[in-house]
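Good morning, colleagues. Please bring up the model on your screens, and I shall then take you through it.

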Amino acid sequence: MSAPDQYPSTWRRPPQIVTDRRWRLALQIGIVVYLVLAIGSVEVNWSRVYEGLERGQRFIMGFLQPDFASRWRDISQGLVESLTMTLTSTVVGVAISVPIGIGAARNLAPRWIYYICRAIIAVSRALQEIIIAIFFVAMFGFGPFAGFLTLSFATIGFIAKLLADDIEEIDETQAEAIRSTGASWWQLVNYAVQPQVMPRLIGLSLYRLDINFRESAVIGIVGAGGIGATLNTAIDRYEYDSAGAILLIIIAIVMVAEYSSSYLRKFLQ
Amino acid sequence: MTEITHYSQVWTHRTPRKRLLLWGGWLALVALFVWCWQLMNENTIWFFVADAPRQAADIGGRMVPPRWEYFPELMQPLWDTINIATLGTIGGVIMAVPVAFMAARNTTPSATILRPIALFIIVASRSINSLIWALLLVAIIGPGLLAGIVAIALRSIGFVGKLLYEAIEETDAKQIEAIQATGASGAQVLNYGIVPQIMPAFWGISVFRWDINIRESTILGLVGAGGIGLKLQASLNTLAWSQVSVILLLILATVVLSEWVSARVRHAII
């Protein structure tokens, strides 16, 4: 075997993901064509943007010098609504999702219950909170009660799915040990399944509490009560200093919730 | 040695003290729940709640049959929605990469100043929902696609930044050391030591976020930021429930499709 006359003097990094050269070329051309089409279809009214820059500046000033005082009554009412909505909806949502989660676990439930529960989960996960909120507001009237229902409904899909997946992954030998003592189905759930999934269920509930607070800040925009409604009003009135204050409060509460829930989860597990 | 004088006749899961604590905890939770419930429902008008089933039946009756003639009108907003999500994701990812490198412990240029700033950017972006970003941006730069794209981009920074910086922190130090041992400069270490390691995670995260962004961009129109949400808002305002059901079905189909695409791509990469 003859040696090649010349070794390449430079090294090129081999491609990592799409290894076929033709595919790579096609992909690159496709991306460029798409970008041209997409950017072309975005109409921007630059004079409006330019006018808005001044407002943007005012907003940033409002963010840096938030005004908590002048709208404090509205803000505190929105906060109370948001926080109470968060807690009640998480408690109710988790309480409902436990039986649904057990029903959606293939190793505990008969087939027909399994399909019903999985269908409930799919419906609850498919629609966004805000769309559900629109419907609940139309049905139950404005206010935090509609928000509470929305968040509870969304919680069911989240907790029940993760709980069901967790139950399906439990250590079967422990379940078998309990079963071999002649335990009934209830005893099986209580002594074999529950101790194994409880830490995770508590962790998930705390995580969902955190998510529900964030969502409660949003669904107010469509009239479901909470701090989102206050924020919407503040922005509509161009009171950017109050809006900045509300956003800072939301960020602070989310940060506190995130850190304390991750601390609690570590403590519990 | 002391003699054990009492054997418990019945086995129990927990000691009495633990049981008491547990009951106390549950009691506190129930009390808190009841208190919150009362506080929340101070202004609830129960007449409307009692009336809800009738309202639901009424809306349901108006929603079927869906008005399919409305469907062709939705194609342009749908294209806009996909553009908002895609361009927003691209913008967000571009902004998130430097933030992630600043936030990762092993690549941050200064752990005392830049890292906390980067972490704050991530938390701030994550805690404000894209709808709120859109609300602000519509007020600032006016209604339209641009507000939606920027809102999606700002919201994506936190998500992509957080996952990416965790991926950077989890890189294998040995490979980086091997590159350093060849006398590579800082930029070369980044390029040949870290980037190849995080590449699959990077694409996976981006596609995952794109999928979430499709979902979120469908509703941005509710506050005027363009896309199919504008049509939804218009139909809701005119109480055209038969059009609403067409829009919702279309949104549902888009979301399911994008989820499928994202799952396939992530499966292929990782």
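Where is the place of Tyr238(A) in chain A? Tyr238(A) sits in the loop between α9 and α10 of chain A. Please bear in mind throughout that this is a predicted model. I begin with this residue on account of its backbone: phi of Tyr238(A) is positive, about 55°, although the residue is not a glycine. As a point of reference, most residues other than glycine have a negative phi, and most peptide bonds are trans. Is Tyr238(A) buried or partly exposed? With 13 other C-beta atoms within 10 Å, Tyr238(A) is partly exposed.

Leu239(B) lies in the loop between α9 (228–237) and α10 of chain B. Its phi is near 55°, again a positive value in a residue other than glycine. Leu239(B) has 11 other C-beta atoms within 10 Å, and the cut-off for an exposed residue is 12 or fewer, so Leu239(B) counts as exposed.

One further backbone feature deserves mention, also in chain B. The peptide bond from Val64(B) to Pro65(B) is cis, and its omega is near -5°. Pro65(B) belongs to the loop between α2 and α3 (75–103) of chain B.

Chain A contains 10 helices and 0 strands. Its radius of gyration is 26 Å, whereas the globule rule gives 18 Å for 269 residues; the value for chain A is well over that, so the chain is more spread out than a compact globule. Along the principal axes, the C-alpha trace of chain A spans about 85 × 75 × 35 Å. Of the 269 residues in chain A, 41% are buried. Taking contacts in chain A between residues at least 6 apart in sequence, 71% join residues at least 24 apart.

Buried residues account for 38% of the 270 residues of chain B. Of the contacts in chain B between residues at least 6 apart in sequence, 72% join residues at least 24 apart.

Next, the annotation of chain A. The unreviewed UniProt entry assigns "domain: ABC transmembrane type-1" to residues 79–261 of chain A. In the model, that stretch of chain A is 84% helix and 0% strand, with its end C-alpha atoms 19 Å apart. UniProt, again in an unreviewed entry, also places the feature "transmembrane region" at residues 23–42, 83–105, 217–235 and 241–259 of chain A. Within residues 83–105 of chain A, 91% is helix and 0% strand, and the end C-alpha atoms lie 32 Å apart. Residues 241–259 of chain A are 100% helix and 0% strand, and there the end C-alpha atoms lie 27 Å apart.

Let us look at one helix pair inside chain B. Helix α8 (residues 186–217) and helix α10 (residues 241–269) of chain B have axes 9 Å apart and pack at an angle of about 175°. α8(B) and α10(B) are therefore roughly antiparallel to each other. Residues in this contact include Trp203(B), Phe208(B), Trp210(B) and Asp211(B) from α8(B), and Val255(B), Glu259(B) and Arg266(B) from α10(B). By class, the contact of α8(B) with α10(B) comprises 9 nonpolar, 4 polar and 4 charged residues.

Finally, how do the two chains meet? In total, 47 residues of chain A are in contact with 48 residues of chain B. The helix α3(A) gives the most to the side of chain A that touches chain B, namely 7 residues. That side of chain A divides into 31 nonpolar, 11 polar and 5 charged residues.

A specific pair illustrates the interface. The axes of helix α5 (residues 129–140) of chain A and helix α2 (residues 46–63) of chain B come within 7 Å and cross at roughly 120°. From α5(A) the contact draws on Ala138(A), Met139(A) and Phe140(A), while α2(B) supplies residues including Phe48(B), Gln55(B) and Ile59(B). This contact of α5(A) with α2(B) has 8 nonpolar residues, 1 polar residue and no charged residues.

Key: Residues numbered from 1 in each chain as written. Chains lettered and ligands numbered in written order. Predicted model: local features only at pLDDT ≥ 70, side-chain atom pairs only at ≥ 80, totals over all residues. Buried ≥ 20, exposed ≤ 12 C-beta atoms within 10 Å, placed from the backbone. Contact = placed C-beta atoms within 7 Å. UniProt positions renumbered as here; feature names shortened; annotations may be inferred. Helix = DSSP H or I, 4+ residues; strand = E, 2+ residues; numbered from the N terminus. Axes fitted to C-alpha atoms, helices over the stretch in contact; angles between N-to-C directions. Nonpolar A, V, L, I, M, F, W, Y, C, P; charged D, E, K, R; others polar. Parallel < 35°, antiparallel > 145°, perpendicular 65-115°, else oblique. Rg over C-alpha atoms; globule rule 2.2 N^0.38 Å.
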